[in-house]
Amino acid sequence: MRSVATIGTIGTLATLALPALAAAPLICSGCSAAPPAHPQLVAPAPPPKDDGKPAEGGEGGAAHAAALEQLKIAPLGARADRQESLRVPLPDGGSWMRVKFWGMKSLVGFRYGKDHHAIVGGFVVHVDDENAPGACGKAFEQWAQPYVDAFEVVIEHEPPRAVPWNGKIVDIDALVATTATLGVRDQYAAAYATYPAWKGSCLVLGVAVPVRNEIDRAKAVRDRFATEVLPNVQVTASEEPKEMY
């Protein structure tokens, strides 16, 4: 596993809980260039084979648009974390590289292409009773608060969804997050879910898709994760995994 991820991506992954932290949604206005009224047609294409070396992300353009188109339509393929504790159905599953995040411990991380066309991160938070209503979300909010303070995130989010999962209810939130760090502003379409996965602990799994002037495509990928990926995550370990990376 290699260290990877831009500062903005790390901030977005950590602050996926921000909608729940605010009394009302914050609206991002004027934080990025407006997308074209009629996005250019681009054929779906996976990114070049990932060499696994550290990278800081990439630019927009045709390659990013093609990768997002690929994520919109590619068949799902299950990928596991290093400890085989969960299985995540990812679009174009074989093209994702398992990674770890600089400065942030995670259970699992994946990037789609060395240019970070999408990032998936899984984290564990601890609670007294994982089955108590709202316990997982509140624990994640507390964990994320320092990152919320550090990355100056402005968000626009959709109404949360509740889906059945292993006989329980899991909440899924979708949003657009704009981070501002060291004078650099990055925008992401993102979604996350909190799962009462193990006794005394919860799994938080999220996806962040860099917009790069492709807001409609990025949102479409995010929404596919919210409807097809996050509700179908399988936890295969009976106890919380021992290692974080």
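Mentor: First a term: buried means under 20% relative accessible area, exposed over 50%, and partly exposed in between, with a 1.4 Å probe and protein chains only. This is a predicted model, in which local features need pLDDT of at least 70, side-chain atom pairs count only at pLDDT 80 or more, and totals for chains, interfaces and linings use all residues. Residues are numbered from 1 along each chain as its sequence is written, and side-chain values use heavy atoms, with hydrogens and water left out.

Trainee: OK. Are E69 and R217 buried or exposed?

Mentor: Both E69 and R217 are buried. Their side chains meet in a salt bridge, at 2.6 Å from N to O. A salt bridge here is a side-chain nitrogen of Lys or Arg within 4 Å of a carboxyl oxygen of Asp or Glu.

Trainee: Where do E69 and R217 sit in the chain?

Mentor: E69 is in helix α3 and R217 in helix α5, 148 residues apart. Helices (H or I, at least four residues) and strands (E, at least two) are DSSP runs, numbered from the N terminus.

Trainee: What else does E69 contact, leaving aside neighbours within four places in sequence?

Mentor: Besides R217, E69 is in contact with V42 and P44; contact means heavy atoms within 4.5 Å. E69 also belongs to a network of salt bridges with K72, E214 and R217.

Trainee: How many salt bridges are there by this rule?

Mentor: The count comes to 7. One of them joins the side chains of R111 and D50, at 2.7 Å from N to O. R111 lies in strand β5 and D50 in the loop between α2 and α3, so the pair ties together parts 61 residues apart in sequence. R111 is buried at 0% relative accessible area, and D50 is buried at 11%.

Trainee: Switching topic. What does β5 pair with?

Mentor: Strand β4 (residues 96–101) runs antiparallel to β5 (residues 108–112), and 3 bridges join them. Two strands pair if DSSP finds at least two bridges between them. Within that pairing, M97 has R111 as its bridge partner.

Trainee: And the nonpolar side, how many residues are in the largest core?

Mentor: It has 40 residues, and W96, V120 and F225 are among those with the most contacts inside it. A nonpolar core is a set of buried Ala, Val, Leu, Ile, Met, Phe, Trp, Tyr and Cys residues joined through side-chain atoms within 4.5 Å. A second, separate core of 15 residues includes A139 and I155.
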